[in-house]
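Hi there,

My notes on what turned up follow just below it.

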Amino acid sequence: MSSIPSSERCIELLIENGCSESVVNHCIAVKDVAVRMAKKACADVELVEPGALLHDIGRSKTHGIRHAFEGAQIAKKLGLPESIIKIIERHIGAGIPRDEAEKLGLPPRDYVPETLEEKIVCHADNLVDNCKLQNVEVEIKRALMNGHKEYAQRLVALHKELSDICGIDVNNI
Ligand SMILES: [Fe+2]
């Protein structure tokens, strides 16, 4: 039975698997935001913290959209719990449904966060640009400028859902 790794172990795993220093720092910044959100949302902090720290472990292989799939494969090989594997696999694009995933050349499946903890890590990543907190509106504008209308709509919806659950606009988390 696989157990949830400590925060220290998560950072070691990122480094051991070849993530750059900037990826490690990004993961720590996302973790800080995700943990604050998890506390407000009464979510499972013990899961959100390692999930957020490991969410970009797949960037050791690629920085493309496939990094979530690759990250989940690495997590599986490491014997990490399914709850963490799913956080990693479903953190992209504010949730990418199967048909869109196929068009993007991803292995066909839904990459849509389902649990509260999956949604929190996914959206904390949307609110962190590199290592700095950004308003979701910045990411929405960027998505629209790149012609990613569905992604922009999902960002709006996820931001509203988590803001409602947290009882504050999560731009201000
Ligand atoms: Fe990512």
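Let me start with a pair of helices: the axes of α2 and α7 cross at roughly 125° and come within 8 Å of each other. Please keep in mind throughout that this is a predicted model. With that angle, α2 and α7 count as oblique to each other, and their crossing is right-handed. On the α2 side, the contact is made by H26, V30, V33, A34, M37 and A38. On the α7 side, I120, V121, H123, A124 and D125 take part.

Helix α7 also packs against α3. Here the axes are 10 Å apart and the angle is about 40°, which makes α3 oblique to α7. This crossing, too, is right-handed. From α3 come L47, V48, G51 and A52, and they meet E117, I120 and V121 of α7. You will notice I120 and V121 in the contact with α2 as well.

How much of α3 is buried? Of its 10 residues, 8 are buried, so the helix is largely enclosed by the rest of the structure. The buried ones are V45, L47, V48, P50, G51, A52, L53 and L54. Among the elements that cover them are α1, α2, α5 and α7.

I57 is worth a click. Not counting residues up to four places away in sequence, I57 touches L13, L14, N17, C19, G71, I74, L78 and I88.

Now for the metal. Which residues are the protein donors of the iron ion? They are D56 through OD, H67 through NE2 and H91 through NE2, lying 2.1 to 2.2 Å from the ion. Along the chain, these donors follow the spacing D-x10-H-x23-H. D56 sits in the loop between α3 (45-54) and α4 (67-77), while H67 belongs to helix α4, so the pair ties together parts that are 11 residues apart in sequence. Both are buried: D56 has a relative accessible area of 0%, and H67 has one of 4%.

Helix α4 holds another residue to look at, E70. E70 is buried, with a relative accessible area of 16%. Leaving aside neighbours within four places in sequence, E70 is in contact with G58, K61 and T62.

Finally, a residue with a more open setting. S83 is found in helix α5, which covers residues 82-89. Is S83 buried, partly exposed or exposed? At 31% relative accessibility, S83 counts as partly exposed. S83 and D32 are 51 residues apart along the chain, and their C-alpha atoms are separated by 19 Å.

Conventions:
Residues are numbered from 1 along each chain as its sequence is written. This is a predicted model: local features need pLDDT of at least 70, side-chain atom pairs count only at pLDDT 80 or more; totals for chains, interfaces and linings use all residues. Side-chain values use heavy atoms; hydrogens and water are left out. Donors are N, O and S atoms within 2.8 Å of the metal (3.2 Å for Na, K and Ca); water is not among the atoms, so sites may look incomplete. Helices (H or I, at least four residues) and strands (E, at least two) are DSSP runs, numbered from the N terminus. Buried means under 20% relative accessible area, exposed over 50%, partly exposed in between (1.4 Å probe, protein chains only). Contact means heavy atoms within 4.5 Å. Axes are lines fitted to C-alpha atoms, for helices over the stretch in contact, and angles run from 0 to 180 degrees between N-to-C directions. Angles under 35 degrees count as roughly parallel, over 145 as roughly antiparallel, 65 to 115 as roughly perpendicular and the rest as oblique. A crossing is left-handed if the near helix is turned anticlockwise from the far one by less than a right angle, and right-handed if clockwise.
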